[in-house]
Number of protein chains: 2
Amino acid sequence: MGTVSKTGKSREPRRDGPRRTLIVRRATEIFEQKGFAHTTFEDIAAAVGVKREAIYYYFRDKSEILFEIIKPESEYLLQSALRIRGLDIDEKEKLMLFIENHMMRFNPNYLEMAIAVRELSGKSSEPKLLSLRHIWKRYTNLWILLIREGQEQGRFPADLDPKLVAFAVLGMCNSASSWFDPNRGVTIAELSRTFVELVVNGIASGESTRATAQASGFHEDR
Amino acid sequence: MGTVSKTGKSREPRRDGPRRTLIVRRATEIFEQKGFAHTTFEDIAAAVGVKREAIYYYFRDKSEILFEIIKPESEYLLQSALRIRGLDIDEKEKLMLFIENHMMRFNPNYLEMAIAVRELSGKSSEPKLLSLRHIWKRYTNLWILLIREGQEQGRFPADLDPKLVAFAVLGMCNSASSWFDPNRGVTIAELSRTFVELVVNGIASGESTRATAQASGFHEDR
């Protein structure tokens with residue numbers, strides 16, 4: 001994979017092929033390690049084992065690569081949320097699955113990249129970035145809709161603003177990108193369970209009536 | 001206030017005085033409007049109505065001004081959290097007050113600036129930035145301690161990691177800096193109430209089985 005043989009001479013950038021896939025994969029790794037802002041086109045080229053120009057053959061700039069990483073993830077997230085919404089379970093259970101789905105798919109590294117895209121897209125009206133924004137908007141709207149339906153069914157407090165609730169929960173989930181470190185012994189699954197517990201049952205649910213105290217494998221060394 | 005008369009000739013930057021206060025106040029306004037990253041030293045000088053050099057007389061760079069804005073806010077936040085912790089009320093009520101206090105004091109504009117400071121301090125080991133970090137660390141630790149004490153008193157679920165809970169709640173609160181717009185009809189008080197409701201009682205508290213609904217100042221209009 002370290003050497004290069006120039007292939008293809010059409011003027012239009014190639015849309016597919018193993019080289020393109022390899023660039024995206026290596027770029028993902030470097031963005032995760034160094035962060036999008038601190039990664040240069042040269043870094044990506046070096047990781048693929050090609051010259052800078054070989055990357056230009058596929059991508060105009062690093063934000064185009066970033067877009068290619070984020071878009072399928074975002075679409076996947078939206079599709080799975082749509083599937084959950086269609087399940088024959090109540091809104092409380094759907095909300096739990098929404099949180100789990102979000103945390104499982106949208107890991108901290110992707111989140112960091114998504115934030116980079118959001119910052120880029122604030123300044124740009126490029127069709128690609130707009131289409132990504134559109135996916136995110138649809139996704140956020142699904143959360144709002146779910147909260148509203150739960151209120152209509154009498155499962156969630158009716159006096160809360162469904163939009164505020166949706167943004168609060170998504171904000172809680174997404175904030176993990178700035179403080180969560182998977183190398184410190186806590187898993188995404190554990191994080192996800194904490195969010196579900198907080199948002200769905202609330203922390204005061206622990207008062208006397210609860211029986212789940214020893215349910216998990218978590219131990220404090222205090 | 002628009003004109004300048006040079007006062008003082010000591011080589012040490014002056015520590016106090018109305019001019020210094022004015023610079024900090026104007027800089028706060030510009031950081032809020034334009035964001036810290038997009039504000040130049042010239043912008044601040046223009047807003048104060050002085051030349052760039054007059055600002056240098058008090059501050060070496062704009063991050064020194066930012067620090068001066070954030071530090072008293074952060075100290076105030078810490079002190080009020082310490083006061084709440086000392087109150088003769090249970091941990092659930094303390095947590096509610098912690099959230100309200102955080103949201104009232106640490107408004108989205110300050111948060112944005114705090115994030116800028118955090119990014120700066122990641123790169124720097126300047127004593128001033130370190131002292132700010134120290135305040136934040138003490139503040140965060142108060143949250144963790146409160147959750148732990150609530151668990152020990154049997155008020156919060158014992159199987160949750162107090163650190164994860166503290167970071168989740170603070171993350172939810174702080175995420176508002178990226179999406180909350182006070183000009184859209186929702187107040188910080190309403191936002192704060194939503195966070196309290198979610199974190200303390202949980203969204204499923206709307207369901208018949210719960211008895212805590214009227215325990216707090218919270219009323220459902222359903």
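Reader: What share of the interface residues of chain A are also interface residues in chain B?

Author: The share is 84%, so the copies meet through the same surface. This is a predicted model: local features need pLDDT of at least 70, side-chain atom pairs count only at pLDDT 80 or more, and totals for chains, interfaces and linings use all residues. Residues are numbered from 1 along each chain as its sequence is written, while chains are lettered from A and ligands numbered from 1 in the order in which they are written.

Reader: How many residues does each chain bring to the contact?

Author: First the rule: two residues are in contact if their C-beta atoms, placed from the backbone, lie within 7 Å. Here chain A brings 43 residues and chain B brings 39 residues. On the side of chain A that touches chain B, helix H5 (91-105), helix H8 (162-179) and helix H9 (188-201) each supply at least two residues. H8(A) gives the most, with 10 residues. By class, that side of chain A has 23 nonpolar, 13 polar and 7 charged residues. Nonpolar means Ala, Val, Leu, Ile, Met, Phe, Trp, Tyr, Cys and Pro; charged means Asp, Glu, Lys and Arg; the others, Gly among them, are polar.

Reader: Now one chain. How many helices and strands does chain A have?

Author: Helices (H or I, at least four residues) and strands (E, at least two) are DSSP runs, numbered from the N terminus. Chain A comes to 9 helices and 0 strands. Among its contacts between residues at least 6 apart in sequence, 65% join residues at least 24 apart.

Reader: Where do the domains of chain A fall?

Author: Domain bounds come from an automatic or database domain assignment. Chain A has domain 1 (3-60) and domain 2 (69-215). Between them, 8 residues of domain 1 of chain A are in contact with 5 residues of domain 2 of chain A. The domain 1 side of that contact has 5 nonpolar, 2 polar and 1 charged residues.

Reader: How many residues does helix H4 of chain A have, and how far does it reach?

Author: The expected span of a helix is 1.5 Å times one less than its number of residues. H4(A), residues 62-85, has 24 residues and reaches 35 Å from its first C-alpha to its last, close to the expected 34 Å. H7(B) has 26 residues and reaches 37 Å, close to the expected 38 Å. After H7(B) comes Gly154(B), whose phi is positive, near 75°.

Reader: Is Arg148(B) buried or exposed?

Author: A residue is buried if 20 or more other C-beta atoms lie within 10 Å of its own, exposed if 12 or fewer, and partly exposed in between, with C-beta atoms placed from the backbone. Arg148(B) has 20 other C-beta atoms within 10 Å, so it is buried. Arg148(B) lies in helix H7 (residues 127-152) of chain B. Other buried residues of H7(B) include Leu132(B), Tyr139(B) and Trp143(B). Across chain A, buried residues make up 34% of the 222 residues.

Reader: Which residues touch the most other members of the largest nonpolar core?

Author: In soluble globular proteins, nonpolar side chains tend to be buried together. A nonpolar core is a set of buried Ala, Val, Leu, Ile, Met, Phe, Trp, Tyr and Cys residues joined through C-beta atoms within 7 Å. The largest has 61 residues, and Ile99(B) and Phe195(B) touch the most other members. Not counting residues up to four places away in sequence, Phe195(B) touches Ala168(A), Ile99(B), Met103(B), Met172(B) and Cys173(B).

Reader: Which residues does Leu164(B) touch?

Author: Leaving out residues up to four places away in sequence, Leu164(B) touches Val186(A), Leu191(A) and Thr194(A). Leu164(B) is found in helix H8 (residues 162-179) of chain B. With 24 C-beta neighbours inside 10 Å, Leu164(B) counts as buried. Leu164(B) and Ile144(B) are 20 residues apart in sequence and 8.5 Å apart in space, C-alpha to C-alpha.
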